Amino acid sequence: MCGIVGYVGKKNSSDIVLDGLKTLEYRGYDSWGIAVNDNGKLDVFKKVGEINIKKVPLPKTSSAIGHTRWATHGGVNEINAHPHFSTRRDFVLAQNGIVENYQDLKGKLIMKGYTFDTETDTEVIVRLIEEKRKSNETLKDSVRDAFNELEGRNTVIVLDSSKEDHIIAVRNGSPLVLGIGKDGIFLASDALAFAKYTKDVVFLDNYDLVEINGNEFKIYDAKSGIRKEYKVTKLNNKIKGISKGKYSHFMIKEIVEQKDTVLKAAEYSEDDLKAIIEAVRNANRVYITGAGTAGFASGQIAYYLRNIAKVDALDVRSYDFETFLPILTKNDLVIAVSQSGETADTIEILEFAKEKGCKIGCIVNVEGSTIHRMSDYKYLIHAGPEICVASTKVFTSQCVFGYLLAKSMVNEYKEAKSYIQDLSDGLSDYFNEKSFKHIKKLAKKIKDNEHFFILGKGQNSYISLEGALKVKEISYKHFEGFSAGELKHGVIALVEDDTPVFSIISDDKDSKDIISATEEVKARGAFTVGVGDSKFKNESCFKYFLPTASNKELSGLANVVAFQLLSYFLADSLGNSIDKPRNLAKSVTVK
Ligand code: AGP
């Protein structure tokens, strides 16, 4: 939700910041802005919409900050875009987060005579710093004082004009990483923004305040103001730059990458899994939690743990977990599933669970992310950067890890590895022009319909939910996934002539129920589409069939890929923005 970048160093600062912001656009793409310090004069450039220029019309300088926005308070326009000037134009500030007490603070500042140019909560921080300057000698202490009065999860970055190359930033909730390179010092919401310049990073903790002065930096505890030690971590990923390669969108690139990423997620030895297996075994109950796609991955993982390892595993959406807190005990294990490792709803639940004394595990994609760092049992799925806002490869990787865990608990590690290899091989064969053409043909046929239903059961139950979410996110069509069992209890009322109904079918015990449910909707005129094992392609209940790389226990994961592709081709035929769909942001770091 909003991306922040800062740089002080030998290179042209606005180029570095612009480049970083482009990498962070997945965090928000309503509007963006960059500020530079040009010999004591701050210059700001702001724009609404995506970043589509190669250079900003700003002077060449050695320090700059930038921001890409996902609006929370105030409409999408240049005035509300960050960074925001102080009244005297002696500093500029950008923020990621929500100031929960902004109305209260704003009211008090107005009483003191401050005026506001924007509708943002951010400007309240700016004015509050101005107020704090009256009683503080340094800008750093003024920022610190103001920051300590903010409620909510906020991260801010400030560029000062009174000193050369002077940046102050404070983190709480929303991520901030410091990079130490030979050509300068970097700050960003995600290390990806500067990964091509340096791999030496400091993952800042909540309430860390960083002050960069030229080529030096110091870290303080924002609450006490006392200087802190820090740890430099070497990023062990191989990220240099991010590109779509031969593909027209990141989404299709990431979908195709799944043939490899499902294997990477399972690159854990039996020994590596021992700690989490032990924790799962000793837990009274295992809660698996996440939001959105990660929430559906949690459901699939809990399904594997219950049905393969016979573990008392329950998936709970992180934003609804509060209703389970009364029964959560310190003997329960909470496993968080997240791509970014920064989702506010999920972090909040982990904080509650920690307070209760529970152990925390995580299945995440981003090393050093908040959830990764706060977990006792840390498992990265190594899917590589996922840029498209709609998650694809990360979903299958998280599920594969959960499957490997469940199988390892019943001494079937080797079998799991071989099924995962089969899935990878199946996907390699599946990604070809013939399959794509078949899906494109269907996309063309249904693109004028508005309402769609997806039926699943057993291993395909969560797949129906994730499949529906995927298509909704990019095509903006109303897709609803549900368990086939639910059909007769109400949903069937919505089926009329030509309503597209997708039935996910695997070669398992649930196939009969899926066929019966499909017959029922067909009898009411539905345009029935089977998605799954080609063994069923001639079943008379289906009017169209999408065969998938269906594969025994991992059939659900092969099936979800068909919906990812349908989503992609449908959105493409509708001319929608694919990698950055409307209203969404990849990382939801606010509540
Ligand atoms: C997925 O397509 C969405 N972008 C969204 O549902 C996402 O999965 C959710 O916001 C959770 O994010 P996380 O995996 O980074 O925690």
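Predicted model: local features only at pLDDT ≥ 70, side-chain atom pairs only at ≥ 80, totals over all residues.
Over how many bridges do strand β6 and strand β7 pair? The two strands, β6 at residues 91–97 and β7 at residues 154–160, are joined by 7 bridges and run in the antiparallel sense. Within this pair, Ala94 stands opposite Ile157 in β7.

Strands β6 and β7 belong to an open sheet of 6 strands. Read across the sheet, the order is β5-β6-β7-β8-β12-β13, and the pairing is antiparallel. At the edges of this sheet are β5, covering residues 84–85, and β13, covering residues 216–221. Each of these two edge strands pairs on one side only. In general, the strands of a sheet pair through backbone hydrogen bonds, and the pairing can be parallel or antiparallel.

The ligand comes next. The space that the ligand takes is the second largest pocket. Around the ligand stand 14 residues, and the closest are Ser338, Gln339, Ser340, Thr343 and Ser391. By type, the residues of this shell divide into 5 nonpolar, 7 polar and 2 charged. Two helices, α8 (293–307) and α14 (461–475), each supply at least two residues of the shell.

Which residues place a polar atom by an oxygen atom of the ligand? At Gln339, a polar backbone atom is 2.6 Å from an oxygen atom of the ligand. At Ser340, a polar side-chain atom lies 2.6 Å from an oxygen atom of the ligand. At Lys470, a polar side-chain atom lies 2.8 Å from an oxygen atom of the ligand. On its own, the ligand has 410 Å² of accessible area, and the protein covers 91% of that area.

Technical notes:
Residues numbered from 1 in each chain as written. Heavy atoms only, no water. Near = heavy atom within 4 Å. Polar contact = N/O pair within 3.5 Å; in protein donor to acceptor, adjacent residues only side chain to side chain. Areas by Shrake-Rupley, 256 points an atom, 1.4 Å probe, with all protein chains shown as cover. 1 Å grid on protein atoms, 1.4 Å probe; cavity = no way out; pocket = protein on both sides within 12 Å on 5 of 7 lines; lining within 4 Å. Sits in = over half its atoms within 2 Å of the grid points. Helix = DSSP H or I, 4+ residues; strand = E, 2+ residues; numbered from the N terminus. Nonpolar A, V, L, I, M, F, W, Y, C, P; charged D, E, K, R; others polar. Pairing = 2+ DSSP bridges.
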